[in-house]
Amino acid sequence: QVQLEESGGGLVQAGDSLRLSCVLSGGTFRSYDMGWYRQTPGKEREFVAAISWLSDKTDYADSVKGRFTISRDYAENRVYLQMSSLKSEDTAIYYCNAPRDQWGYEYDYWGQGTQVTVSS
C-alpha cells in the first residue's frame, strides 16, 4: 500500500522561503507522477504543482508560477516543493499526492498534509 508523508511546514513571514518534502513508501516512486495541492478552511483543495514520473514535465498553478518549484529525488523517494516569496495567501495545509503511474492508471494516494502559515 502506497503511503505519502509530508514534512517541512511551519510559520514564516511574508517574503520568506520554505521547502516542503514528501516521501513515498510502499510503492515504486519512480513510476508515479507526483503533485502538490493545498487547502484552506471552507475552500476546496486546489492544485499547486505537478511533476511527471520522468521529471520531464512540470506544471504550476498561475498563483505560484515563478515562486514555487517542484522537484523530485529518485534516490530518496521524495518530491519537494520549494516555495519562495511567500505571501499570506499561501497559508494553507499542503498535501502531496500520487495521482497516476507511468502506464496511466489513476490512484487516490494522499498524504496527511503539512501546515504552512505565512504571516504578513
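This is a predicted model: local features need pLDDT of at least 70, side-chain atom pairs count only at pLDDT 80 or more; totals for chains, interfaces and linings use all residues.

User: What holds strands together in general?

Analyst: Strands of a sheet pair through backbone hydrogen bonds, either parallel or antiparallel.

User: Now strand 4. Is it mostly covered or mostly open?

Analyst: Mostly covered. Six of its eight residues are buried.

User: Which strands does it pair with?

Analyst: Strand 4 is joined to strand 9 (residues 92–101) by seven bridges, running antiparallel. Strand 4 also pairs with strand 5 (residues 46–51), again in the antiparallel sense, over five bridges.

User: Which residues face each other there?

Analyst: On the strand 9 side, Y37 stands opposite Y95. On the strand 5 side, W36 has A49 as its bridge partner.

User: What do strand 4 and strand 5 form, and what's in the turn?

Analyst: They form a hairpin, with six residues between them. G42 sits in the turn and has a positive phi of about 85°.

User: Let's switch to rings. How many aromatic pairs are there?

Analyst: The count comes to six aromatic pairs. One of them is F29 with Y74, an edge-to-face pair. Their centres are 5.9 Å apart, and the planes are at 65°.

User: Why does that pair tie together parts so far along the sequence?

Analyst: Look at where the two residues lie. F29 is in the loop between strand 3 (18–25) and strand 4 (32–39), while Y74 is in the loop between strand 7 (68–73) and strand 8 (78–83), so the pair links parts that are 45 residues apart in sequence.

User: Are those two buried or exposed?

Analyst: F29 counts as buried, at 1% relative accessibility. Y74 is partly exposed, with a relative accessible area of 35%.

User: How open are Y37 and W110?

Analyst: Y37 is partly exposed, at 23% relative accessible area. W110 is partly exposed too, at 30%.

User: Which residues form an aromatic cluster?

Analyst: Y32, Y107 and Y109 form one.

User: Where do charges sit over rings?

Analyst: R19 lies over the face of Y80, 4.1 Å from the ring centre. The charged end of R45 sits over the ring of Y95, at 3.7 Å from its centre.

User: New topic: R67. Where does it lie?

Analyst: In the loop between strand 6 (58–60) and strand 7.

User: Is R67 buried or exposed?

Analyst: R67 counts as buried, because its relative accessibility is 11% and the cut-off for buried is under 20%.

User: What does R67 touch?

Analyst: Beyond its neighbours within four places in sequence, its contacts include Q82, M83, L86 and D90. R67 and Q82 are 15 residues apart in sequence, with their C-alpha atoms 8.2 Å apart in space. Also, a polar atom of the R67 side chain lies 2.9 Å from the backbone oxygen of S63.

User: Last one, T114. Where is it, and is it buried or exposed?

Analyst: T114 is in strand 11 (residues 114–119). T114 counts as buried, at 10% relative accessibility.

User: What lies 3.1 Å from its side chain?

Analyst: The backbone nitrogen of G9 lies at that distance from a polar atom of the T114 side chain. Leaving out residues up to four places away in sequence, T114 touches several others, among them E6, S7, L20 and Y94.

Notes
Residues are numbered from 1 along each chain as its sequence is written. Side-chain values use heavy atoms; hydrogens and water are left out. Helices (H or I, at least four residues) and strands (E, at least two) are DSSP runs, numbered from the N terminus. Buried means under 20% relative accessible area, exposed over 50%, partly exposed in between (1.4 Å probe, protein chains only). A polar contact is a pair of N or O atoms within 3.5 Å; within protein, one must be able to donate a hydrogen and the other to accept it, and residues adjacent in sequence count only if both atoms are side-chain atoms. Contact means heavy atoms within 4.5 Å. Rings of Phe, Tyr and Trp (its six-membered ring) pair if their centres lie within 6.5 Å; planes under 30 degrees apart count as stacked, over 60 as edge-to-face and the rest as tilted. A charge sits over a ring if NZ of Lys or CZ of Arg is within 6 Å of the ring centre and within 35 degrees of the ring normal. Two strands pair if DSSP finds at least two bridges between them.
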